[in-house]
Each structure stands twice: as C-alpha cells, then as structure tokens.
Amino acid sequence: MEHAVDGIEFLISAFDKPPLSAIFPATRELLTPDAKGMYVCGFTITGQPVKNMVFQHDKNAAAHGLILGVSRSGKTQFFAINMAAQSLDGQVVWLSTVRKDEKTSRLGKYIDRQGSNALWMARSLRAAKALCEIRAEMPWPHDGEAHDYKPGDPRCPYRQLNVYADEFMTAAQDATFGEFIQADGDDLTVTGLKYGIGFNPAGQSPFAHNGFSTEMKDNLRQNSRPTIFNMGSPGATRKAAEGTMENAYDVPTIPARYAQQEGSAIERAMRGEADPENGVSTGGVAIMVLDNGRAVLMLSLYADFDSDLATLFPDDVNHLTDHEIAELTKRGLCFDWNQPVRPGEFWPEPKEDDGGSRRRGGGGGKGGGGRGSKGSSRQEVVSARKALEAIKSLTDA
C-alpha cells in the first residue's frame with residue numbers, strides 16, 4: 001500500500017508484490033543526458049521515471065552530488081550509473097575511497113583516476129582545487145579570454161570534472177590527512193562549480209560533527225539532488241533526508257526489507273506460523289530530494305558489476321587536457337597518487353638543526369601512512385591536535 005498527497009489531491013495505490021523490489025536494468029539510453037543535463041536514474045513506486053543531473057542547466061554551472069547510505073544500501077551502484085551518465089556527457093571522473101574493494105576498483109577501469117586511501121583522497125582534492133586556479137586562466141578559443149564554465153558550450157577548453165569521495169566522513173577524521181581533506185573539500189564545494197568541478201562526497205552521515213560542515217552541506221544541497229539510501233533505521237534515514245531539505249515534510253520510509261509473503265503478524269499468530277525471516281532487500285531504494293524540496297522514493301537503476309560495465313560507459317575514457325596536466329605537473333600535483341608522501345608535500349621540510357623530520361606518513365596501507373616518531377626533537381605546532389602530540393612527546397621524554 002502506498003499513498004501520496006499533493007495539496008488537495010491524493011493518490012492511494014495497492015500492490016500484490018513490493019513494486020520497489022523489481023530490477024530496473026541500467027541502459028546507455030536511459031543514462032545518456034539530454035540537452036539540459038538530465039538522465040533517468042531510477043523509477044518511483046508508481047513507475048514514474050526519476051531524473052538526476054550531470055550539470056545545472058538553469059544555473060549554467062557544474063553540479064555537486066550528495067550520496068548517503070550504510071553498507072550494502074546501494075551507494076556504489078548509484079556511483080556506477082552516475083559516473084556512466086557523466087562520462088557519456090564527455091565529463092572526467094575521479095573516485096577516491098578509504099579502503100579498496102571490488103566494485104570501486106572495477107569502476108576505475110572506466111574513469112580517469114581511482115584510488116583507495118586517505119592520502120589518495122587528499123591528493124585528488126588538492127589537485128582539483130588547483131584546477132580551479134588553472135581553469136580560471138585558460139583562454140577560450142573564440143576570443144582568447146578566460147570565462148566561467150558553461151556546460152554544453154563547445155567552445156569551452158576543458159571538460160567538467162567530477163570528484164567522488166566515498167566514505168568522506170571517515171576520511172575527514174583520518175588522523176594524518178583528515179584536516180587537508182576537510183579543508184580542501186570545503187573549498188571545492190564553495191568554489192568548484194564556476195570552474196566546471198563538481199564534488200560528490202558519499203558516506204553515512206551528512207552532519208557537521210562527521211566532516212560535513214554547514215557551509216559544505218548547504219552548497220551541496222543547493223547544487224545537487226541529494227540521494228539518501230537506507231541509513232540503518234527509518235529514523236536515521238528520515239533525519240538524514242530532513243538534513244538535506246529546506247522544508248522537510250512527508251519524508252518516505254525505507255524499511256530494512258520488504259515482506260515477501262502476504263498476511264499480517266496477527267494472522268500468522270492465529271495459524272501458529274512463524275514470521276518470515278528474510279524478505280526482499282531494499283538495496284537500491286533511495287529517497288531523492290528534488291529541486292523543489294520534495295522527497296520522492298525511488299529504486300535506482302541496476303548496473304551489473306558481474307558483467308561488463310562497458311555497455312554503459314563510452315568507448316573511450318575522458319581525461320584532462322594536456323594543458324591542465326602540464327600545469328598540475330608544474331605544481332607537483334600530477335603523478336602516481338599511490339606513491340608515498342613526497343618531501344614537503346603536506347608539511348614543511350625540517351631545517352638542518354631540527355635533528356629529525358616533522359614529515360609524517362609513508363603513503364602505504366590504510367590511511368596512506370604511519371604517524372611521526374615520538375623521537376622527533378621538534379614539531380611545528382599549527383593545530384590543537386599537534387599541540388597535544390607535542391605535550392605527549394615531552395611527557396614521554
């Protein structure tokens with residue numbers, strides 16, 4: 001049973017089977033954006049198509065993205081269809097995750113760059129931030145002047161870039177690189193759109209204490225269609241959806257799973273039957289907040305990672321221009337981001353009389369590297385966390 005209310009009109013629907021338990025296969029036809037940058041990302045409970053955007057036609061700008069949900073809720077599936085739509089529009093995609101997994105590694109074959117630790121994410125955000133400066137000075141061929149990004153304009157000398165940061169909450173709290181991820185993520189959210197750069201963080205919380213500053217969340221909300229998958233409970237899902245809406249009302253509920261058999265708990269009790277242990281998964285079911293603040297319940301399109309994703313993506317991977325790569329290289333920002341931390345990359349190199357290196361991290365393993373040694377004689381105190389570390393070092397000494 002499903003109902004919808006719109007002013008004085010209302011709709012009541014009854015179904016024999018859960019309609020959002022069906023599978024809607026993703027196709028290149030559905031994922032190809034139209035002239036306004038819209039593509040079909042899923043279907044509602046009444047079979048109405050739901051559209052997402054790869055750029056903001058009305059604002060003449062790139063689009064951000066906000067994707068929330070717990071593990072196994074359908075986030076990575078949504079990554080696949082969103083990235084395919086962006087790629088079909090000729091855009092460039094970067095994907096960073098906190099840890100390596102099968103699906104994101106497979107997506108890496110069809111996009112420009114993909115990596116799997118906090119160091120990689122910090123480097124991708126830093127490079128994207130630098131691209132704002134580079135693109136601000138890139139001359140357009142028709143008049144030799146620099147202009148703000150105009151999606152769909154064939155004269156634009158660069159492609160839109162979409163930067164994904166999966167489990168952004170966890171990465172923003174990383175002990176070594178979290179401060180850089182948080183700061184550059186905030187900056188990119190505010191400044192990226194006019195330079196054709198969209199930021200797409202994903203995770204399990206949209207709140208400030210988990211890495212999403214109020215400034216970031218407001219910019220994401222105003223320049224995307226937030227998509228909230230199951231957050232672990234109806235209450236948590238509702239709270240996350242309300243946190244992305246201007247005027248929250250009538251937020252749909254996503255249960256843990258749909259009942260697979262008909263009948264009520266009372267009827268089963270009268271017959272002495274056990275309640276069903278497993279129903280139909282609600283993976284892929286999400287709440288999307290549309291431009292008018294209204295939330296709709298949808299089932300996102302299904303991309304089969306076990307088969308070839310090449311049927312959804314364009315034949316050729318989209319990359320940055322040679323000019324952009326050259327400028328990033330000059331700044332020391334374009335290289336294999338899986339390498340260990342370079343001298344002076346994130347922290348100033350120690351002076352000769354320091355007796356030890358302040359530089360932390362080695363680039364490998366979880367989080368991109370280990371912490372600095374307690375034996376370092378001096379540390380540059382530039383934050384409360386570093387001050388605490390210095391005090392502990394003195395105490396240990």
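Ring pairs, salt bridges and a pocket

Me: In this predicted model, are tyrosine 110 and phenylalanine 313 buried or exposed?
Reply: Buried means under 20% relative accessible area. Tyrosine 110 falls in that class, and phenylalanine 313 does too. The answer for both residues is buried.

Me: What kind of aromatic pair do tyrosine 110 and phenylalanine 313 form?
Reply: Their ring centres are 5.1 Å apart, with 20° between the planes. Planes under 30 degrees apart count as stacked. The pair of tyrosine 110 and phenylalanine 313 is therefore stacked.

Me: How many residues apart in sequence are the parts that this pair ties together?
Reply: Tyrosine 110 belongs to the loop between α3 and β9 (113-115). Phenylalanine 313 belongs to the loop between β16 and α10 (322-330). The pair therefore ties together parts whose separation in sequence, in residues, is 203.

Me: Which kind of pair do the rings of phenylalanine 180 and tryptophan 347 make?
Reply: The centres of these two rings are 5.7 Å apart and the planes stand at 75°. Planes over 60 degrees apart count as edge-to-face. So the pair of phenylalanine 180 and tryptophan 347 is edge-to-face.

Me: Where in the chain is tryptophan 347, the partner of phenylalanine 180?
Reply: Phenylalanine 180 is in helix α6 (residues 178-191). The pair links distant parts of the chain, 167 residues apart. Tryptophan 347 is in the loop between α10 and α11 (384-396).

Me: Which helices hold glutamate 324 and arginine 135?
Reply: The side chains of glutamate 324 and arginine 135 meet in a salt bridge, 2.6 Å from N to O. The pair ties together parts that are 189 residues apart in sequence. Glutamate 324 lies in helix α10, and arginine 135 in helix α4.

Me: Is arginine 135 buried or exposed?
Reply: The cut-off for buried is under 20% relative accessible area. Arginine 135 has a relative accessible area of 0%, so arginine 135 is buried.

Me: Which class of accessibility does lysine 129 fall in?
Reply: Lysine 129 forms a salt bridge with aspartate 184, with the closest N and O atoms 3.4 Å apart. Aspartate 184 is buried, at 7% relative accessible area. For lysine 129 the relative accessible area is 32%, so the class is partly exposed.

Me: Which element gives the largest share of the lining of the second largest pocket?
Reply: This pocket holds about 800 Å³ of space. Of the 29 residues that line the pocket, those closest to its centre include Arg72 and Lys103. The largest share of the lining is three residues, and the element that gives them is α2.

Methods: Residues are numbered from 1 along each chain as its sequence is written. This is a predicted model: local features need pLDDT of at least 70, side-chain atom pairs count only at pLDDT 80 or more; totals for chains, interfaces and linings use all residues. Side-chain values use heavy atoms; hydrogens and water are left out. On a 1 Å grid over the protein atoms alone, a cavity is a set of points where a 1.4 Å probe fits but cannot get out, and a pocket is an open set with protein on both sides within 12 Å along at least five of seven lines; lining residues have an atom within 4 Å of a point. Grid points are joined across faces, edges and corners, and a volume is the space filled by probe spheres set on the points. Helices (H or I, at least four residues) and strands (E, at least two) are DSSP runs, numbered from the N terminus. Rings of Phe, Tyr and Trp (its six-membered ring) pair if their centres lie within 6.5 Å; planes under 30 degrees apart count as stacked, over 60 as edge-to-face and the rest as tilted. Buried means under 20% relative accessible area, exposed over 50%, partly exposed in between (1.4 Å probe, protein chains only). A salt bridge is a side-chain nitrogen of Lys or Arg within 4 Å of a carboxyl oxygen of Asp or Glu.
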